[in-house]
Amino acid sequence: MSKKALITGVTGQDGAYLSALLLEKGYEVYGMVRRSSHAGVADHRLRWLGVADHVQLVDCNLLDAAALIRLMMDVKPDEVYNLAAQSFVATSWAQPSLTGQVTALGVLNVLEAVRTAAPEARFYQASSSEMYGLIQEPAQSEQTPFYPRSPYAVAKLFGHWATVNYRESFNLHASSGILFNHESPLRGVEFVTRKVTDGVARIKLGLANELALGNIDAKRDWGHAKDYVRAMWLMLQQDAADDYVVATGRTTTVRDMCAIAFKHVGLPMEGHLRIDPALYRPAEVDVLLGNPAKAKAKLGWEPVIGLEELIAEMVEADLTRLARR
């Protein structure tokens, strides 16, 4: 019999790529979605990858603990991937309470539902490199102390430690992936990489003349979401649950990432890039650089798609989207 996987946050970037990966491996995939008044809009990423008709969408909400328990009883999943969150750092400053409820307590609700109704299921929690915040080591590993610098990062840290606690307290096969920035053509346009590739595409097509950004000297470790969801799956195939940093081990400034995008379309960055102080965060995270040695050694995982290839793919996808409009 094929395995059953339940994915929360299935309509997001990672949920879509993970769905495609699991379907390729013969899984029966269930995707949890919140009810929306905009029917047919939520699954656009699944449709982009051509898998929407093969994912069984089920209504539920991270904030409804009883409904989550019923969902686990109905689906009887072999694997649960908790990818749902209020995942935009800037929004967490404007809506800190909502971020705490969804991104922190939502994890606890899913863990409790697994413990109560599907204790044999293997659980994955999407932790974040933002938990490192004000970095305590030049390259961040599983042993690096956390220092969160946003309500989002604080909430993610709660979910991370809740996962560790349930693993140690109830012997759940519960693993966390501390994922560094991972992007794709399915990334929301509010995130900086997609904001850049969409902006560059608009300038190339004559639909805009400038790209406004905040701190372009911030450094990030960027990989492709398609590579990173493979690491998620690998974690749940291990005999013992554990936590893993998933990263490329290369850090690049936002400025240099922009230069890659402009170069791809044959345009100079100068004259098109504008710094907007309003886009700076209240507390900046200046540098993130992951050390994926443990994931490479224990999972046999390696990133395949480099930053230049990633940005080129995103720019081309945005050029295609905009041209169709």
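The model is predicted, so local features need pLDDT of at least 70 and side-chain atom pairs count only at pLDDT 80 or more, while totals for chains, interfaces and linings use all residues. Residues are numbered from 1 along each chain as its sequence is written, and side-chain values use heavy atoms, with hydrogens and water left out.

Let's start with the sheet. Its 7 strands run in the order E3-E2-E1-E4-E5-E6-E11, forming an open sheet with parallel pairing. Strands (E, at least two residues) and helices (H or I, at least four) are DSSP runs, numbered from the N terminus; two strands pair if DSSP finds at least two bridges between them. E3 (55–59) and E11 (243–246) are the edge strands, each with a single partner, so one side of each has no neighbour in the sheet. On average, neighbouring strands are turned by 20° against each other, direction ignored.

Inside the sheet, E5 (residues 122–128) and E6 (residues 173–179) pair over 7 bridges in the parallel sense. Here Phe123 has Ala174 in E6 as its bridge partner.

| Helix | Strands | Angle |
|---|---|---|
| H6 (residues 151–170) | touches E5, E6 and E11 | about 150° with E5 |
| H8 (residues 225–235) | lies across E4 (79–82), E5, E6 and E11 | about 160° to E6 |

Angles run from 0 to 180 degrees between N-to-C directions, with axes fitted to C-alpha atoms, for helices over the stretch in contact; contact means heavy atoms within 4.5 Å.

Now for the valine: Val254 is found in helix H9 (residues 254–264). Beyond neighbours within four places in sequence, its contacts include Val192, Leu213 and Trp222.
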